[in-house]
Amino acid sequence: METAGKVITCRAAIAWTSNAPLSVEEVEVDPPKAGEVRIKVLSSGICGTDNHTLDGTFPVPLPAILGHEGAGIVESIGEGVSSVKPGDKVILTILPQCRKCDSCLHAKGNCCLKEDIFSPVGLMLDGTTRFTCRGRKVHNNFGASTFTEYTVMHEISVVKINDAAPLENVCVIACGLPTGYGAAVNTAQVTPGSTCVVVGLGGVGSAVVLGCRAAGAARIIGIDINVGKLARAKALGVTDCLNPRNFKKPIQQVVVEMTGFGADFTFEAIGTIETMVAALESCNLSYGVCVLIGVSPTGSQLSFDPMKLLSGRILKGCLLGEYKTKDNIPLLVDDYMKKKIDMDPLITHTLPFVKINEGFDLLRSGKCVRCILLFGDPSE
Ligand code: PAD
Ligand code: ZN
Ligand code: ZN
């Protein structure tokens, strides 16, 4: 049936309030307006950030359709859209690349000023939404919304990828993989033979490990309080595992003692102030580079003795691994398909979309690294 130009009724997981299970119900998805694209979502990862938005530590306007790590096929396009067409395989990302703003025009900038991440309003750029449920308007999430069978996004956040890409797993290249991998290869610029520390070994931290290994790190120290995560990270390339719960002293002190003077590169992939300070203090006081990746609770303040930087340490942060999304995500997909990036071990679980709340339970309990939701036959 031809759906272009018509409202599509489909299923989506609605977050009506924070700290409650998502409710899978029927929604109406409007056709795309000018500069917008409507996509049939085929897979979506559940990212740590989805948990922060749902539990209210990183509040977003509700009700909303969450999810931002998606892959799918373009169903229809609005007026003026030229970079994708119906039938194209695409990755749905929270980070646009408008190619016109100050950040996009800078060689290094990737934080496009059209983003809706830092002070999210949950609406399209024209101030309206394309989602309605039970007669109520429903917000989008960071301009993406992937926990739905159909979504509408701005063309600038939709990335066309290789026609042969497997849509059931490349959704991870929308967020988790580039975030961690890019933190190592772009932001820290890990050097061959170096020592790295990765604090937090979930989906993002595991991708940091892949990046450190690809850059030729000689030693990768993985830190997590979940024993299962430590065991999995060893298979990815972590050489030394540390569980902070097994030590009386702060973990940064353990790292400094293990390495002599601290690591060359450290990464924080959890999102607590305590672990950020641990990552900073784990890097070499003179030439160490610490990269913050984790999303901290809204309103929190990072505080530490500034002398820790005066000695020469560098403290950085990054969004989506500093990749310009439209330019680089297709290349990462190609690298995955050429087996240059082996991200398959990151995907430990898959579930049918309707079991989304079980997916959140797997994330919160630490049983999964990445759980992927698959949008199959609506009768399942
Ligand atoms: P995750 O829940 O899969 O991983 C978090 C890991 O941290 C788990 O393995 C936990 O066991 C571990 N952990 C929790 N507390 C501690 C502790 N005190 N000490 C040691 N280990 C601990 O989440 P994720 O990997 O999907 O996301 C990680 C963070 O990265 C999260 O804050 C998310 O919001 C953020 C993120 N940032 C960006 C970005 O662009 N900067 C993108 C995507 C995700
Ligand atoms: Zn994410
Ligand atoms: Zn821009």
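Student: Where is T49 placed?

Tutor: T49 sits in helix α1. Helices here are DSSP runs of H or I with at least four residues, strands are E runs of at least two, and both are numbered from the N terminus. A caution on the source: this is a predicted model, where local features need pLDDT of at least 70, side-chain atom pairs count only at pLDDT 80 or more, and totals for chains, interfaces and linings use all residues. Residues are numbered from 1 along each chain, chains are lettered from A and ligands numbered from 1 in written order, and side-chain values use heavy atoms without hydrogens or water.

Student: Why is T49 called buried?

Tutor: Its relative accessible area is 16%. Buried means under 20%, exposed over 50%, and partly exposed in between, with a 1.4 Å probe and protein chains only. So T49 counts as buried.

Student: Which residues does T49 touch, beyond those up to four places away in sequence?

Tutor: F58, H68, F142 and V295. Contact means heavy atoms within 4.5 Å.

Student: How do you know whether C47 and C175 are buried or exposed?

Tutor: C47 has 3% relative accessibility, so C47 is buried. C175 has 6%, so C175 is buried.

Student: What makes the arrangement around the zinc ion (ligand 3) tetrahedral?

Tutor: Its donors are the SG atoms of C98, C101, C104 and C112, at 2.3 to 2.4 Å. The four donor atoms subtend angles of 103 to 118°. Four donors count as tetrahedral if all angles lie between 85 and 135 degrees. Therefore the arrangement is tetrahedral.

Student: Why is α1 called roughly perpendicular to α10?

Tutor: The axes of α1 (residues 48–55) and α10 (residues 356–365) come within 10 Å and cross at roughly 105°. That makes the two helices roughly perpendicular, since the class covers 65 to 115 degrees (under 35 is roughly parallel, over 145 roughly antiparallel, the rest oblique). G48, D50, N51 and L54 of α1 make the contact with F360, L363 and R364 of α10.

Terms used: Axes fitted to C-alpha atoms, helices over the stretch in contact; angles between N-to-C directions. Donors = N, O, S within 2.8 Å, 3.2 Å for Na, K, Ca; no water. Tetrahedral: all angles 85-135°; square planar, octahedral: opposite > 155°, others 65-115°.
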